[in-house]
Every structure is written in C-alpha cells, then in structure tokens.
Amino acid sequence: MRHVRLGLALLFPALAAAAVPLLSQAFSETASTVVVEVPVQVVRDGAPVRGLKQSDFAVYDGRKKQAITGFEVIDLTTQEAAPGAAAAPAVSAAARRHFLLLFDLAFSDPKAILQARKAAAAVVDDLHPTDLVAVATYASLKGPQLVLGFTPDRAQISAAITTLGRPELLGRNPDPLRLVLADMKSETKPAAFVSGSGAGAEAAAAKDEAALDELKSLVAAEERAENTAQQQAIANLTHSLAELSHVMAGIEGRKYVVYLSEGFDSSLVQGSTDESKRTEMAEQATGGESYLTNSDEYFGSGKSLNQVEKMLEEFRRADCVIQAVDIAGLRAAGDLGNRRSGGKDTLLNFAKSTGGELFENFNDLGQAMGQMLDRTSVTYVLSFQPDKLEWNGDFHRLKVELSGDQARGARVVARPGYYAPKPYTQRSPMERMLDAQSQVVAGDEAGSLDMAVLAAPFQMPTERAYVPVLIEVNGKTLLAGKQGPTLPAEVFVYAFDSNGVIQDYISQNLGFEVAKVQPVLMQSGFKFFGHLELPPGDYSLRALVRNGTTGESGLRILPLHVPAFATEAALLPPFVPEPPNRWLLAREQPRGDYKQAPYPFMLAGNPYIPASRPVMVPGEETQLSLVGYALGDGQVEAQARVLGSDGRELGPAAIQVLKREAGKPARLVANVTPPKLPPGEYRLEVKLSAAGASHTSSTPFVVRGG
C-alpha cells in the first residue's frame, strides 16, 4: 500500500508567493481506493467518554452506511508526558489537535496585542506535547501572514509569539516549510517574557517598545474610516478567514483557531443596537425624511452579513472551532474608552457559530482552555474505504452515530465531511507545500521514492558538530511517471532534538535536465551532499525528497547521537567507500559557520564518498573506513556481526583491521566479509576494543539477488 498525504486546502491569495505549511488531510491510496480517517470525540456531562468499541459506532458517507475498516483509541491522559516531538509518533495524525494562534492587527489596539502575546504563550504551556501550534497575524494592509506553520517545536512557537511585530523578523523566513522561525544556533534558549526589574526587564521593555512601533504602522485606523471603508475591511477579513477555513479543512484531527482580537463594530453588519438612534431613524422615516436615514445603519449591511455567514459556514464545514479571545481588556486603563462598540458581539458570534467560546477575562482563559483540553483528550479514529471515489476535490458529507445505550446523554463530535483528493498536478503550490510539511511533522517513513540516508557527527572547534548528510535517491523511482524536460527535485532535512526543537535544517531545490542525466539516473540515481550543525544530544533526522513534477516522494527517519566530544568517546557508523562516478552528485549551497569545514571522509590520505546504503556480497571482502573519538591507544581488536531487519543476530562476520592512521580522530582501515545471506536488507555491527574499553556502531547494508 502506498501512503500519500494530500494537502487539500486553498491558501490566502495574499500569500501566493510564500511557502506555507499547514498539516494536510491524510489518505491512504491503493490504486483507486482511498482510506478516510474520521477522528471522533464523545462527551457526556462535559467529560470525555472512555471505553467505547468499534461496534458502538456507525459512519455514513452521505446516506450510505460505511463498513468501519480501522479503529484506534487515543487517550492523551495516558500518553507519556514527554516534551516535543519525542511523543509525537505515538499519536496518529488524525488524533492530533491543531491550534492556530491568530492575532488580529486590523481590529485591535497595538498595546492590547502586545499584552495578548503573554496570554497566548500561557495557553501553549498548557497544551499536550503532541499538540501542534501555528502562529499567524492579520492586517488590513498586508493581509494574512503565517509567522510559523503547525509544529510541535515549543521553542519555535515561543519565538513566533514573542517576536510579533519585530521588524527584523516580520515577513522574513528562510525556511520554505515555515517550520523554523528562529535560528537555534543563536537562540540557545526559547524566547520568553521577562518580568520584574533589572537589565533583563529593561531589554524586554525596549523590545516591546520597538514591537509597538511596528504594530502601530501595521494597524489601520478603522475607527476613523467611513462606513463603506469599514465594510470593505470586514469583507477583506471574512474573505481571508474563509480561505483560512479551507486550509483547516484539509487537516486531520481537531482544529482550533484561537482568535485574539477586539472584534469589529457589529452594527456595520446587523445595524445599530442603540435604541435612541434607532428611534430617531424610525421617526425620520415615518415623517417623510427617510433620505436622512442611512439604511445600512438601521438595517445593517445585507452584503456584509452574508459574507460573515458564509465565512462561518466554511469554518463549520471544515470542522474548525473558533475560540474567540476579547483582548480589549488588555489595553491601558486610559485607552479603554476608545474600544470600538459592538466588538464583543462580533467575537461572540464567531465563537458560538462554530462551537467555540468567547473569553472576555484573560485570567479565566487558562482555566477555560484547560477544560476544553480535557474534553478533547480522548479521540476515537474510525477508518473506512468509500467506493468509486473520484479524485476531484469535491466535499462529501459525513455523519457519525452511537448505537444502543452508549448514545444516551452523549454528544458526538466528528468532522462533518471530507474533501476527495485530487491529482498532484491539479494542486496549487500551497497545497503541495502543505503535503511536504505534514510528512516532516508526522515523522512516519513513507513514499514511493527508494532512498537511503547517511549522517555522522564530526568534532569541530565550536560546540556544534559538523554533521554531513548524504541522501541517495534511486533514479528509476525518481523518473517514474510523466516527466517534463526539466525534473525538479526538492530536498528537505530537519533535525529534531529530544525536546522536539528543530536545531538545524537543510532546504534545497534541484533541477535536472532529463535528456542529459537520464542514463545516469536510470543506472543508479542522484546523491545529495549537505550538512547540519548540531550541539550534543539525540536527534531524529527527517529527510524528505520529492519529485516536483509528479509529487512522488520519500521520507526517511534516521536516529542520530551527537556526542559531547570533550568527555565522550564515540565510534561513528562504519563507512563503506564506493567507486567514483557512480551517482549524479548534487551539493548544497554554502551556508552556516562551517562553509570551509575540512572534508570528513578520508581513507589512507585520499578522499572518498561513502555509500548511504552499501551493497555487500556474502563471502567477499568489503573495505571499511572506521572513524572514532577517544577510542584509546594501543592494539585494537575488532569484531563484527550481522543483524536482520528485526534486530535478530544472524551470525558473525569476519573482520580484519589493516591499518590505523595517526592523528585525531582515529581512522582505521578494515576489511569485512559477511557470511552467506539471502538477498535482503541487513545491518552490520562493528565492535572495537582498545585500552580496556569497547565501542560499538552499525550501518545498514543490502545483499542483492542474482
């Protein structure tokens, strides 16, 4: 079965040139069969209902009852409370909660926005480690701006919230997937709010003052605008939020927009609520002076009302809840009299119409959000396979019911429908970017591209290690499908540490002229050489390669340990040099602190390129390059064994150390001879012993048939 993640959302037209990552709707495809996942939450008396079985549910696609082919129960209260991405793989994409923190700059006072950042940061602190968070702003002049895409990285989320309005960061993001906002090489600690006195508080106050100046330049003076201009501003807002709902519709799992705003004047939509004003306008109309009455002021704007209702219907269809936060109370005391009238009514309408709540008192926000998080902590993921589903992007309505006694007093919360997938060539650039980002965040190996990844840390004078990353992509799988004259290949690599923080990343777009490189690609493929700069720790490296024409992709996950070289011995993975000119080579653009780092792969004084997935022949010698740090002096003894793909030992492999080169790191040349093995994938484990200590490392290899 081939798993394909499809980004089925439209994105803001104002962001047409930006690469915006939001998690996409997930389908599993085999031929024309699509598996639809439906996350369901059941609540009784305000608390989640546990212990339900597959037989308790019924799913209808339109009017047709569907056979439930998959059933999964996710209870976040039983998930290990490990931080960041470490706990993410335990929760399926359909069961994860997504929170978009949306700061409304068009209908809010800048001072209130600055204070709202602190409350938003407090909300993030209360979320489960598997929850994903994105940060965005909306301004009349610039439209919607995605500051950070959905990510589990709490350090990036903190940086996105605390830097709202900072000129040096607004609109400048080198990461095309928008997973990285702040450079962790310069941000040793997550950004935080500083209170109290002293130099830290003074620095924070200075940053806030700079942010306030920037926000003032972005916030439009809505109060001074005429009604027609304000109604156009409302039209722009509702249109943008409707497009946002399209994005959220393509996301699996529960979705929440935490909308931080003062709201717009509701009288522009519903008419004036001032009884004296309405009486005066009524008397003018009955006295033959209707020409003095503004009909929109009396009746409201039917056009604006329709725009608002259409937007809210899109949110309901997307199964997306607006949690509206009235930030007017965060203004300075002298500014409270300037808040626009009717703003609270607008926010209340947004929230209630989508199943959310209005939070007026920020002191109660944390408690109220905590209750919501508890209600949504248990998710039942139901799967079914619709028959003869056309790949046309149409919306299909869903209904989920409980059977028997379980239905009494229970409220079922489920997505109201799903969008059918559509071919990759028909998706917008934003939809394609959604697909790439979702694969990286999900962290599940998948895809039709046959590829392999090698990475190893080398000591440098600074704290961060130099980590070369070599990605091999099978050319036949890359060329599968209809190609144009140029084959665009996209390469992304992200290093998530044990806390879910992205410490470094690689992003590269490659272009191959098919007529020139097709013979080499068909014979082998292309090899990409890049590097990461990482501090000591444990990492999950996620490497994604995608054919930009067909959308076929591959994602590989590689665990990596970067030692503290000053105090820790390390034996790097055994490297297998391969003959030159085998691959079509591509190298990253120079970047980072180590642009001129010494070439790390040397054997007997000569450079070589290691294989990311070595091929070995049973009974024949294969040359190895062994590299280590603090292995000990003197005689080195080596042992090797072969492990199966399941980790089971299959037998020893003959190994002989031929030479140890002088210098640091320690470099040894060895030959290894694997035992008789059938074709398949294996792992070679090498153990070196010297000076009373032993060190072990391993590398995957392949035995080919025929």
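Buried here means under 20% relative accessible area. That cut-off goes with the first of these close-ups, which come from a predicted model.

**View 1. Aspartate 504 is tucked away in strand β22.** The strand covers residues 502–513. Aspartate 504 has 4% relative accessibility, so it counts as buried. Its side chain reaches the backbone nitrogen of glutamate 533 at 2.8 Å.

**View 2. Four strands make an open, mixed sheet.** Read across, the order is β19-β20-β23-β27. The edges belong to β19 (451–455) and β27 (584–587); each has a single partner strand, so one side of each has no neighbour in the sheet. On average, neighbouring strands are turned by 20° against each other, direction ignored.

**View 3. Strand β23 runs parallel to its partner β27.** Four bridges link β23 (residues 525–534) with β27. Look for lysine 527, which sits opposite leucine 585 of β27. Helix α13 (residues 514–523) lies across both strands, at about 80° to β23.

View 4. Omega is about 0° here. Proline 665 belongs to the loop between β33 (654–661) and β34 (666–673). As a rule, most peptide bonds are trans.

View 5. Aspartate 45, with phi near 55°, lies between β3 (33–44) and β4 (47–48). Asparagine 581 has a phi of about 65° and is found between β26 (570–571) and β27. Aspartate 45 counts as exposed at 77% relative accessibility, and asparagine 581 counts as exposed at 77% too.

Conventions
Residues numbered from 1 in each chain as written. Predicted model: local features only at pLDDT ≥ 70, side-chain atom pairs only at ≥ 80, totals over all residues. Heavy atoms only, no water. Helix = DSSP H or I, 4+ residues; strand = E, 2+ residues; numbered from the N terminus. Buried < 20%, exposed > 50% of the residue type's maximum accessible area, 1.4 Å probe, protein only. Polar contact = N/O pair within 3.5 Å; in protein donor to acceptor, adjacent residues only side chain to side chain. Pairing = 2+ DSSP bridges. Axes fitted to C-alpha atoms, helices over the stretch in contact; angles between N-to-C directions. Contact = heavy atoms within 4.5 Å.
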